[in-house]
Amino acid sequence: MAFPVLLTVLLLPALAIPFIYLAGKKSAKAAAILLSLVAVATLGLILTTVPTILSEGSATESYTWIPVLNSEFTLSVDGISISMAIITMVLMLTAAIYSINYMAGKKNLPLYYALLSLLFVGLVGVFITSNLLFFYFCWELMLVPAYFIIGGWGYKDSYKNSFKFFVFTHAGAVFVLLGIGAIFMVTNSVDFSTVATQILSADPGIVRWILIAVTAGFAVKMAIFPVHMWLPDAYAEAPAPMSALLGGVLTSAGAYAIVRISIEMLFPAVAGTTFGIDFLQVLAILGVISAFFGSFVALAETDIKRVIAYSSISHMGYILFGVSLIPLAATSVGAVAQNTALTGTVLHIITHGLSKGLFFLAAGAVMHVLTIRNINDMGGLAGKMPVTGTSSTIAALSLAGAPPFACFISEFFIFLGAFQVIQSGWTFFIIPTALMLVATIFSLAYALRFTTKVFLGPPKNPEVLANPKKKFEVPRYMQLAMVILVVLVVVVGIYPSFFVNLINTALAGFL
């Protein structure tokens, strides 16, 4: 019997929870290191499935679960889901390392690290399952530790903002649950591959409502305009490691779900209909609006974390615009263009996750040292905080789409896919594509504004002015976490082939 790699990846952070809590009773640093080791172990385990995915397209494990629901407990990774799992493990590793210094001195740290491990279970479960019921279980499981971490260790009005986050995302989850229930009623299955086959013979009139319900629910998690209201407060008031996980993975889970369930599983049942075309055009329009809305507010914001939070809304717009291209590329110009649109969209989920996680850790480092949030009161920190300044600048430039950093190559693929769709006759996408190109200018503008106000020019903070020769760099574990992400943002930007090759193996599911 083959070693159950995926089951071990799922169970390891769950089984580690009591040990992490008990270790935290002795030493918070020990709990952080134990959580880091769990992240490294799961990362090493899931990487062993890469050769199988590259040769066979996926790696799957099935276990008996709920026969009455015609359901097996199926764990499966393909090129898309393993990429998301890898990013989750990397960000959990860096969040744990960063927390050693950042959370030092805070109360109830054993519980904090135990909740992080529980959050780890939910995040990994969402990405490695191919069972809708277990997907929803993990989808909801993510909310519980996230609520208590934001509320318990956040900044101002932390429980108020955590409650807002919980209510919004749970309301979105209700639509997802309704959709999953309807899928089971129509297909008598909750298995991804079985549903994808059975849904093709279902009434398109019913499928369209299922598609709307689940996509609306996932869009809330993505914080797409106009269901974005929970995101700025939650991101801004969460502790920095949690902000990195929120911005890097939790929001991206919504984008992953739209690609995996809305587009790959459900959309083929309505493809070719008027509704199908309208649905994709609405996604493109919402993507454009979100990209501009997030960029404009980020340009006006002065709170260091809210600037980054609104940047997330903008980049979710890029991803939603890319999502709208995937089915059209398949039906009009074939696999080559779809490959480009799909590659760009999924790769941007990954590159945004790395860059946004790094950006939040760098912002948290600045707040940790200066204990202020207004970027108008900063400046002159580049020489005082060289590691933080370099990390923040690389994250900002990546999110601005500047080469050679990670988001450049993913945005390039998205726009290349858009041009191919337009060339094939979908003239509707001319204006959205042009507007998205304009949006990149605003992304660069808020990135440069942020870097200039925080790190360049003369210092404005009284403590920095009073100590002109003093270094203000954060402790070594916080630096180490940022350096890990800096390396990945640069490496993925220069050599994205590892993720591109993985994503391409999932292409068959979208044809």
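Asn-131 sits in the loop between helix H5 (109-128) and helix H6 (132-141). The model shown here is predicted. Is Asn-131 buried or exposed? Its relative accessibility is 1%, so Asn-131 counts as buried; the cut-off for buried is under 20%. Follow the chain onward and you come to Ser-189, 58 residues apart from Asn-131.

**The whole chain**

The protein chain holds 21 helices and 2 strands. How does its radius of gyration fit that of a compact globule? For 511 residues, such a globule would have a value near 24 Å. The chain has 22 Å, so the two agree. Along its principal axes, the C-alpha trace spans about 70 × 55 × 40 Å.

Buried residues account for 61% of the 511 residues. The accessible surface comes to about 17,700 Å². Carbon and sulfur atoms own 70% of that surface. Now take the contacts between residues at least 6 apart in sequence. Of these, 81% join residues at least 24 apart.

**Thr-49, in another loop**

Thr-49 is found between helix H2 (28-47) and helix H3 (50-56). Its relative accessible area is 7%, so Thr-49 is buried. What does Thr-49 touch, not counting residues up to four places away in sequence? The answer is Val-5, Leu-6, Ala-59, Val-77 and Ile-82. The side chain of Thr-49 also reaches a backbone oxygen, that of Ile-46.

**Arg-449, in a helix**

Arg-449 belongs to helix H18, which covers residues 430-455. This arginine is buried, yet it has no salt bridge. Which side chain of opposite charge is nearest? It is Glu-301, 7.4 Å away. A salt bridge needs the charged atoms within 4 Å.

The side chain of Arg-449 reaches backbone oxygens instead: those of Ala-298 and Leu-299. Both residues are also on the contact list of Arg-449, which leaves aside neighbours within four places in sequence.

| Side chain | Backbone oxygen | Distance |
|---|---|---|
| Thr-49 | Ile-46 | 2.6 Å |
| Arg-449 | Leu-299 | 3.0 Å |
| Arg-449 | Ala-298 | 3.3 Å |

Conventions
Residues are numbered from 1 along each chain as its sequence is written. This is a predicted model: local features need pLDDT of at least 70, side-chain atom pairs count only at pLDDT 80 or more; totals for chains, interfaces and linings use all residues. Side-chain values use heavy atoms; hydrogens and water are left out. Helices (H or I, at least four residues) and strands (E, at least two) are DSSP runs, numbered from the N terminus. Buried means under 20% relative accessible area, exposed over 50%, partly exposed in between (1.4 Å probe, protein chains only). Lys and Arg count as positive and Asp and Glu as negative; His and the chain ends are not counted. A polar contact is a pair of N or O atoms within 3.5 Å; within protein, one must be able to donate a hydrogen and the other to accept it, and residues adjacent in sequence count only if both atoms are side-chain atoms. Contact means heavy atoms within 4.5 Å. The radius of gyration is taken over C-alpha atoms; the globule rule is 2.2 Å times the number of residues to the power 0.38. Accessible areas come from the Shrake-Rupley method with a 1.4 Å probe; for residues, only the protein chains shown count as cover.
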